[in-house]
Structures are given as C-alpha cells and as structure tokens.
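We will go from stop to stop together.

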Amino acid sequence: MTASSSLTDLLHAAVTAVGGSERPGQVTMAEAIAEAIDGNAHLLVQAGTGTGKSLGYLVPALAHGERVVVATATLALQRQLVERDLPRTVDALHPLLRRRPQFAMLKGRSNYLCLHRLHEGVPQEEEEGLFDPFEAAAPSSKLGKDLLRLRDWSDETETGDRDDLTPGVSDRAWSQVSVTSRECLGASKCAYGAECFAEAARERAKLADVVVTNHALLAIDAIEGAPVLPSHEVLIVDEAHELVSRVTGVATGELTPGQVNRAVRRAAKLVDEKAADALQTAAESFERLMELALPGRLEEIPEDLGYALMALRDASRTVISAIGDTRDRSVQDEDAVRKQALAAVESIHAVAERIVEGSPYDVVWYERHDRFGASLRVAPLSVSGLLREKLFNERSVVLTSATLKIGGDFNGVGASLGLAPEGIEGDDLPQWKGVDVGSPFDYPKQGILYVAKHLSQPGREGSRSDMLDELAELMEAAGGRTLGLFSSMRAAKAAAEELRGRLDLPILLQGEETLGELIRTFAADARTCLFGTLSLWQGVDVPGVNCQLVVMDRVPFPRPDDPLMSARQKAVEEAGGNGFMAVAATHAALLMAQGAGRLVRASGDRGVVAVLDPRLATARYGSFLRATMPDFWYTTDRNQARRSLAAIDAAAKADEK
C-alpha cells in the first residue's frame, strides 16, 4: 500500500474529479481502511451522511492493487458506483497510480437476459411442453408489449442486465426471458453459451480490479459453497447494517402449494407414471394441510405436517433420480425442460428435508397472505456463525454504514456478524476494530429531535386520535415538507385518509405509485407530503427545503407475533442475555437512526425529527434508542417544535421569492 501522504494525494485527486470537497471524516476513513487492508485486518467504519463514504473506501481499494469486491444493499448505490464514482475515480487516479484499474458489476444470473429462453421459449406451467411466449401473448396486451420490447432490446443491449432496460418490464415478463442458476443449462451445453450475458459478466469480473455486487450474491457465494465471485483479497460491505437481513433472506426456505404443484406439472412428462403419481399425491396432501394452516411459529412440527413433508421429500427424491433416465420424444428442447423441472423439484426436496430434519438452529412458521394464500417457511435462528465462518476468512473485511454503532458502541452489530466484543482475543475469533469518523454536519444546530411526551402510549390496535391531531398540527406548522414514516402500512393508510380530509396539503401514499415516482413528486414540491413504511425509512434522499419534517408514528419494534424475531429474542434470553434489548430494541434503533437520517442530507438542511411515541422519552430503553440517532438538539416541548417548524417554513418561503 502507498504511504499515508500518497493516499492523501490520491484522495484529493479523486474528490476533485467528482466535484466534491475533502472532509476530515473521509480522510480518517480512507487511512483506517488502507491500514486494515495492509494488515489483512477487519474493520467496522461508521461514516455519517455527507462523509463521502464511497470515495473513502474506493481510493484505498484501488490503490491496493489486488482484487477488491464491493457489496452494497441497494441498486441505486451499485449504479452510482459503476456509472459515476468509479469511472471518475479511475480517471483521476490513473496518472498517480500509473495503471488504470478495471471495474465490473456482477449480479445473480436471473438479473441477465437468457438468450436460450428468449429464442427457444419457456417450458409451460401446464402440460403442453413448450410454448413461444411471443406468440401466446396478445401483442396489444401489457405482457405482449413488454415481450416484444425485450426481443428488440436483446439485439442492442451489451450487458443484458435488467436494470439497463428503461423503462423496465413486469416481473412476469422478465421471468419469460431469464433463468435462475439452477435452471441454467451451463455455457458448455447451451447453444447460446458463447453469447451469454451472465457468463460475459462473470468473465469481466474475473479481469476486474474492483467487482461491485450486492449483499444477496455475497450471501449465495458464502452459503452455497460453489464460488460465484472471483477470488479476492479484500471485501468491502457498504450499507452493512442491512447485511444480516439480506443473508437471512437468502438462507430462508419456503414451500407453497402453488410452488409444489408447478414442480409436479414440470416433472410429469419426464418420469414414469408411478413416480409422477407419488409426487402428485404428496402435493395434494400438503395442499389440504396448508388450507387449514394458521399463521405463527411451529415450535414442534405437527405429526400430520411431518408425514406430508416426508412424503414430499421422498417423492421428490424419486423424481430427481428418475428424471435422469426417462426420455419423452414428445418434449422439445428436452435439456431445458429437464433442467427447469429438476430445479423446481430439487427446491421442494431441499426445503422439505430441512424442515423434517428439524435443526434446533432453524425457525419454522406458517404465513398467510391475502393474495397468495398460505406458505411454510424455515429460516436460521441466527446467521452470525455462518458469517463468522464464511465472511471473515482469508481476506480483509471492511464493513461500513451511517448506522453501525447501536446504543453507543459497535458490539451489537458485531455480535450479529459473529464477532466477539471488540478487543476480545481467541484462536477462532476474528480480530476487528471499530472506527466512527463522524459526520460533516452540525446536527445540534441543523436539526431538532422532538419527542411528543404528552401523547398516549401507542397500543397494539386501535386509532390514535391524539397522535393524528399532533401530526396535523406539525404538518401545518411546517407548511407541508413532511416525510411520514409509519410502523405499518395500515397506520400509513389510516393517517393519509384522515389527514387528506383535514389539511389543504397534497399527501402521497406509498403503494399508490412506484416508489421512485413518489419520491420525485415529493422532492419537486415543498407543500407535498409523503407517507409510507419500511422502504421509506431507508430509501429517501431529498436534500433541501422540501423535506424539513420527518415524523415517526411510533418506535418501530418488530411485531410481537413475528416468528423469527420472537424466536431470536427467546434464544438470547435462554442463553442468559436480554432478548428485548439484543433483538427488539436493536432492530428499532437501527431503523430510527436510518429514519432520522432522512432529515439532514446537506450542509444547509434544517428541520425537525418528530417521534410521536412518548416511550422514547419515558421508557428505560429510550436513551439507548436516542444514542443511536443523529445528535440533534433534543426537546419534549410541543410549542418549541411548532415555533421552530414555522420559522423554518417562513425562511424557506422567503428564499423562494
């Protein structure tokens, strides 16, 4: 690695190239990362909004000279890195490094157009074998138009990456032209292998110095054992507060009657009648049970469900063996049909076997969805052991986010990643260090944290009329400019419906339009307000005067009936810990820190974060939650909050004139 003075020169060149200005926190971050990389060490870096995090890790990564993988949670940040930050940074560093580092984006296979499926058609859900979706879909229908556009796009795209298609297409249309890794024939067996977009992306990644990917692919690479990512010396995980939930998602298995029935239909023509009938019978038994399923955790597998799952497992295993031997001359493009059927049946077998085996480290539960019916799910009680074993092995790992210190230290997030408390040493314990580089913003002067201490405590159900009254008064004082973050979609809808009738302000509601369109509309008009739930707590970046009031309706604890969270809480308690603080309060703290971070996005931003839940001021855990949020000036005085909002609104209006 270069000396510190050289690193400073490199960072200066990169910041100048992107039109920014150097910040002390960014310099501290870059130096700490360079030191960790040189020492093959592990580092957690909290870097507040406005630090210039991306350049803070890209510059030492590019200077290192060996391959680095950067994993992010969101598509927006991946695109920013590959389309803006990396090209400019590489151009700026080229004269100083005397080499031009290469970079590439790598995603899961289903994100790329599959030329085989595009040209040869899709194995049909029913029993007619193959069909051509371009012929079957009416050209005037939405699906037909999407498919025709995809066919045209396939001739001009260089990447085949779904996210390069503008405007996008529906999931249904994309599923007609893409495959999962299990369904893929493999480049050597596919007639289009030489032109394959997914294979080309992998080849580019093998040649790149920096590979940009996502948390999900990183999890697949760790869990499935077959390497997806090219070998690398350094892993940088951005938006690292999201990593545990993304890895949990990848490690979660699901069985639904619809999924099982599709697998039966796909396999029926490829095996003998006896094997097909056995799978069909097992599928029917499972479906009958699922019709009666009630949502909730299954601490023990009921006997009838156990029998149904064993029947599914055994019938699936028989079909998997039989598919390899049976030939049906009526089936066209048999390899593709066989591969898709195998993928479907193998998935059923894997989940059924996992639940039947009954690992004490798994949580099993029923879910019921209004539209899709019941599903049976299984997820790991914890992914910390998996992450400790797979993530921090034979490479330097840097994890960064604006939110890694929970309640004032890194140990909570560290524990979720499989790390012992900072400074604890042991033969099998990864050694790590935590660094908080702060934020360039002056939070006590730029923002107020107002907790409505006088309101009634929120209950599980029922309306909160006093909360809605408080919200209406705050929004009026702010002249709109409000981002409403709600703990549930039901609460967001109820508030929007009530306040649309009371206030002369446009109120947008998540779900009524695409998220991107809602945020654009909100950012374009000062009077407009936006209400929504989880994705808004983390996904909104609206600097300036159009977002000067961020409201949280309540502390966002997980639902008490959330099977996975409640199981994790119980496990901590049985081990002698405080389950509520380790699981529920930590979950809420992360979300509240992210939500409060929506307010101040630039050095000139001013505003109020209003929490309409008195527990943040009165409960014993309130100080833990507040310690995780930005260091705003704190008050419980409702009149002070209104006066401040009115003054901010007046100043914004004066600037507009």
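Start by selecting tyrosine 57, which lies in helix 3 (residues 53-64); helices (H or I, at least four residues) and strands (E, at least two) are DSSP runs, numbered from the N terminus. Before you look around, note that this is a predicted model: local features need pLDDT of at least 70, side-chain atom pairs count only at pLDDT 80 or more, and totals for chains, interfaces and linings use all residues. Residues are numbered from 1 along each chain as its sequence is written, and side-chain values use heavy atoms, with hydrogens and water left out.

Is tyrosine 57 buried or exposed? Tyrosine 57 is buried, with a relative accessible area of 0% (buried means under 20% relative accessible area, exposed over 50%, partly exposed in between, with a 1.4 Å probe and protein chains only). Now show its surroundings: leaving aside neighbours within four places in sequence, tyrosine 57 is in contact with residues including Met29, Leu77, Ile236 and Thr400, where contact means heavy atoms within 4.5 Å.

Look for 7 strands in the order 16-17-15-18-19-14-20, an open sheet with parallel pairing; two strands pair if DSSP finds at least two bridges between them. At the edges, strand 16 (507-509) and strand 20 (633-635) each pair on one side only.

Select strand 16 and strand 17 (residues 529-532): 3 bridges join these parallel strands. Leucine 508 stands opposite leucine 530 in strand 17.

Now color helix 19 (residues 465-478), which packs on the sheet and touches several strands, among them strand 14 (447-451) and strand 18 (549-552). The direction of helix 19 makes about 170° with that of strand 18 (axes are lines fitted to C-alpha atoms, for helices over the stretch in contact, and angles run from 0 to 180 degrees between N-to-C directions). Helix 27 (residues 638-656) also packs on the sheet, touching strand 14, strand 18, strand 19 and strand 20.

For the last stop, zoom in on strand 14. Because 5 of its 5 residues are buried, strand 14 is largely enclosed by the rest of the structure. Gly447, Leu449 and Val451 lie on one side, Ile448 and Tyr450 on the other. What stands opposite isoleucine 448 in strand 19? You will find valine 608 there, while in strand 20 isoleucine 448 stands opposite tryptophan 633.
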